[in-house]
Structures are given as structure tokens and as C-alpha cells.
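Reader: I'm new to looking at protein models. Could you walk me through this one in plain words?

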Amino acid sequence: DPSEFLFGSERVGLAPVVPVLEDVQDGRCFYCADRLRGGDSQVDHFIPWARYPRDLGHNFVLAHARCNARKSDHLPSPGHLDAWVERNQRHATELGRRFEAIRFEHDLPASLRIVHWAYQTARRGGGLTWVRDRELAPLPDGWDRALGRLMLRVGVGAEPA
């Protein structure tokens with residue numbers, strides 16, 4: 001479709017993934033860990049849509065609207081990356097099953113490759129990651145340890161950082 005080429009792919013409605021994420025995150029904001037209340041939660045693309053415009057279930061987290069807005073199109077800090085890896089490792093089977101049940105596209109190996117690529121690109125370019133509020137920080141050495149372990153476990157290869 002030429003319009004997709006010129007204007008990007010259309011974003012899919014994300015409401016069906018909210019209950020899935022609420023359950024695996026115990027009703028807490030992925031970034032600040034405070035309780036999510038009513039309409040204050042938003043589905044966030046962990047690797048921002050601006051960097052990789054594809055909706056994959058494992059890339060989603062549920063966050064407060066304020067945390068999501070503050071993160072904006074930044075990559076989350078290594079602490080958030082480790083939490084994302086832990087969540088996907090701990091709940092991989094459940095997430096896959098539930099995304100299938102709602103017919104939502106998901107692919108953990110692809111999500112892992114995308115995450116690795118995005119952070120590796122940021123590291124090479126001296127990019128900053130979002131920590132909290134308006135705090136940004138560079139990627140330290142060893143940023144990819146937890147991610148690398150999950151990639152090995154899932155059988156996904158990656159270039160060295």
C-alpha cells in the first residue's frame with residue numbers, strides 16, 4: 001500500500017492488551033511501580049513507536065499517563081530494561097497464550113532482537129535513556145547482561161554490543 005509507505009503503518013487499537021498487562025504487572029505502573037487507578041493508565045511501547053513502528057505484544061507495558069509522557073520517545077534506562085526482561089522471562093508463556101487468545105500479534109524473539117538493536121544503536125551513538133521524571137542517563141557498560149541471558153535462553157542470536 002503506497003499510503004503505508006508514505007505515511008507509516010496505522011496504529012492498532014491497544015485496549016485489548018490492557019487487562020493482560022494489568023495482570024502481569026499486578027496493577028502497577030511499569031516505570032514507577034505505583035498503583036494504576038482508573039483511566040490513568042496507558043499502553044506504552046517499551047521501544048518507542050517513533051523508533052520502531054510495529055505493534056508487538058511483548059513490547060508493551062502499562063504505565064501512568066504521566067510516566068508515559070515523560071518517557072516520550074526515549075529508550076528506558078537499563079533498570080527498566082532489566083525489569084522488562086524479567087517480566088517477559090517470567091510471564092513469556094502466559095503473555096503468548098493471552099495475546100493469542102485476543103488475536104494480538106506477538107513475537108518474543110523478534111521483540112528481543114528489536115530491543116537489542118535499539119539499545120545497541122543508542123550505545124554506539126552516545127544516546128541517553130530515560131530514568132524518571134526528566135532525568136536522562138547514558139547507557140553504562142554491561143547494559144545488555146540480562147537481555148543477553150534471555151536472548152540465549154530463547155535462542156536468539158545478537159551482535160556484540
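Predicted model: local features only at pLDDT ≥ 70, side-chain atom pairs only at ≥ 80, totals over all residues.

Reader: Okay, so which residues does Leu-81 touch, not counting residues up to four places away in sequence?

Author: Leu-81 sits in helix α4. Its relative accessible area is 0%, and since buried means under 20%, Leu-81 is buried. Not counting residues up to four places away in sequence, the ones Leu-81 touches are Phe-46, Val-115, Tyr-119 and Trp-143.

Reader: Where does helix α4 bend?

Author: Helix α4 covers residues 78-101. Just after the helix, Arg-103 has a positive phi of about 55°, but that's past the end of it. The bend is about 75°, and the place to look is His-91.

Reader: Which elements do the buried residues of α4 pack against?

Author: Quite a list of α4 residues is buried, including Trp-84, Asn-88, His-91 and Phe-99. Together, the buried residues of α4 pack against both helices and strands. The partners are α2, β2, β3, α5, β4 and α6.

Reader: Is α4 roughly parallel or antiparallel to α5?

Author: In general, two packed helices are described by the angle between their axes and the distance between the axes. Here the axes of α4 and α5 are 12 Å apart, at an angle of about 170°. Angles over 145 degrees count as roughly antiparallel, so α4 and α5 are roughly antiparallel.

Reader: And which residues of α4 meet α5?

Author: On the α5 side, the residues involved are Leu-108, Ser-111, Leu-112, Val-115 and Tyr-119. On the α4 side, they are Leu-81, Trp-84, Asn-88 and Ala-92.

Reader: Which element gives the most residues to the largest nonpolar core?

Author: That core has 41 residues, and Tyr-31, Phe-46, Trp-84 and Tyr-119 touch the most other members. The elements giving two or more residues to this core are α2, β2, α4, α5 and α6. The one giving the most, with 8 residues, is α5.

Reader: Which residues is Ile-114 in touch with, leaving out those up to four places away in sequence?

Author: Ile-114 belongs to helix α5, and with a relative accessible area of 12% it is buried. Its C-alpha atom is 9.1 Å from that of Asn-59, a residue 55 places away along the chain. Leaving out residues up to four places away in sequence, Ile-114 touches Ile-47, Tyr-52 and Leu-56.

Reader: Is Ser-77 buried or exposed?

Author: Ser-77 is in the loop between β3 and α4. Apart from neighbours within four places in sequence, Ser-77 is in contact with Tyr-119, Thr-129, Trp-130 and Val-131. At 8% relative accessibility, it counts as buried.

Reader: How many disulfides does a search of the whole structure find?

Author: A disulfide needs two cysteine sulfur atoms within 2.5 Å. The sulfur of Cys-32 is 3.8 Å from its closest cysteine sulfur, in Cys-29, so that pair is too far for a bond. Cys-67 also has its closest cysteine sulfur in Cys-29, at 3.8 Å, and that is too far for a bond as well. The number found in the whole structure is 0.

Methods: Residues numbered from 1 in each chain as written. Heavy atoms only, no water. Bend = angle between axes of the 7 residues up to and from the residue. Helix = DSSP H or I, 4+ residues; strand = E, 2+ residues; numbered from the N terminus. Buried < 20%, exposed > 50% of the residue type's maximum accessible area, 1.4 Å probe, protein only. Contact = heavy atoms within 4.5 Å. Core = buried A, V, L, I, M, F, W, Y, C linked by side-chain atoms within 4.5 Å. Axes fitted to C-alpha atoms, helices over the stretch in contact; angles between N-to-C directions. Parallel < 35°, antiparallel > 145°, perpendicular 65-115°, else oblique.
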